[in-house]
Amino acid sequence: MFFIMFDLCMAVTMLIFGVLFYKSKGKAARFLSGYNMRSEAERKKYNENEMCRAYGKRMMVMSLPFFIGVAIDFKFVGIGCLISWSVWLVMLILLLVDRHKRER
């Protein structure tokens with residue numbers, strides 16, 4: 001039961017943050033690491049609204065492995081949690097690689 005609740009809490013948390021970023025109209029950009037450290041002139045180069053929408057979508061997609069993990073945990077306890085965290089970690093690494101390429 002612990003694994004199901006753990007996956008469900010992560011899924012809901014990621015989904016809520018994703019929706020909040022998506023609907024923030026650019027106001028959530030200050031929570032993006034590194035972006036809030038840039039100068040005002042550098043920040044004007046970015047479309048904050050579009051950036052928040054893109055990160056919001058990505059966060060919502062990153063909640064999907066946890067929902068799938070909940071379904072797997074009903075049948076195979078603990079396996080769904082392991083799979084969901086593994087998939088989420090790969091998605092996080094891909095996000096960081098993509099972000100690194102964009103900032104060059």
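**Reading the model**

Tutor: Begin with K25, which sits in the loop between α1 and α2 (40-43). Helices here are DSSP runs of H or I with at least four residues, strands are runs of E with at least two, and both are numbered from the N terminus. This is a predicted model, in which local features need pLDDT of at least 70, side-chain atom pairs count only at pLDDT 80 or more, and totals for chains, interfaces and linings use all residues. Residues are numbered from 1 along each chain as its sequence is written, and side-chain values use heavy atoms, with hydrogens and water left out.

Student: What phi does K25 have, and is K25 buried or exposed?

Tutor: Buried means under 20% relative accessible area, exposed over 50%, and partly exposed in between, with a 1.4 Å probe and protein chains only. K25 counts as exposed because its relative accessibility is 68%. Its phi is positive, about 55°, although K25 is not a glycine.

Student: How many helices and strands does the protein have?

Tutor: There are five helices and zero strands, in the order α-α-α-α-α along the sequence. The C-alpha atoms fill a box of roughly 55 × 25 × 15 Å along the principal axes. Of the 104 residues, 31% are buried.

Student: Which residues of α5 are buried, and what covers them?

Tutor: The buried ones are G80, C81, S84, W88 and L95. Their cover includes α1 (2-22), α3 (48-62) and α4 (64-75).

Student: How many residues does the largest nonpolar core have?

Tutor: A nonpolar core is a set of buried Ala, Val, Leu, Ile, Met, Phe, Trp, Tyr and Cys residues joined through side-chain atoms within 4.5 Å. The largest one has 16 residues, and M14, F21, L32, M51 and Y55 have the most contacts inside it. At least two residues of this core come from each of α1, α3 and α5, and α3 gives the most, with five. Contact means heavy atoms within 4.5 Å. Leaving aside neighbours within four places in sequence, L32 is in contact with F21, M51 and Y55.

Student: How much space lies in the largest pocket?

Tutor: On a 1 Å grid over the protein atoms alone, a pocket is an open set of points where a 1.4 Å probe fits, with protein on both sides within 12 Å along at least five of seven lines; lining residues have an atom within 4 Å of a point. Points are joined across faces, edges and corners, and a volume is the space filled by probe spheres set on them. The largest pocket holds about 370 Å³. It is lined by 18 residues, with M51, Y55, R99, R102 and E103 the closest to its centre. The elements giving two or more lining residues are α3 and α5; α3 gives the most, six.

Student: And which residues lie nearest the centre of the second largest pocket?

Tutor: They are L32, Y55, M59, L92 and L95, out of 14 lining residues. This pocket holds about 260 Å³, and the largest share of its lining, five residues, comes from α5.
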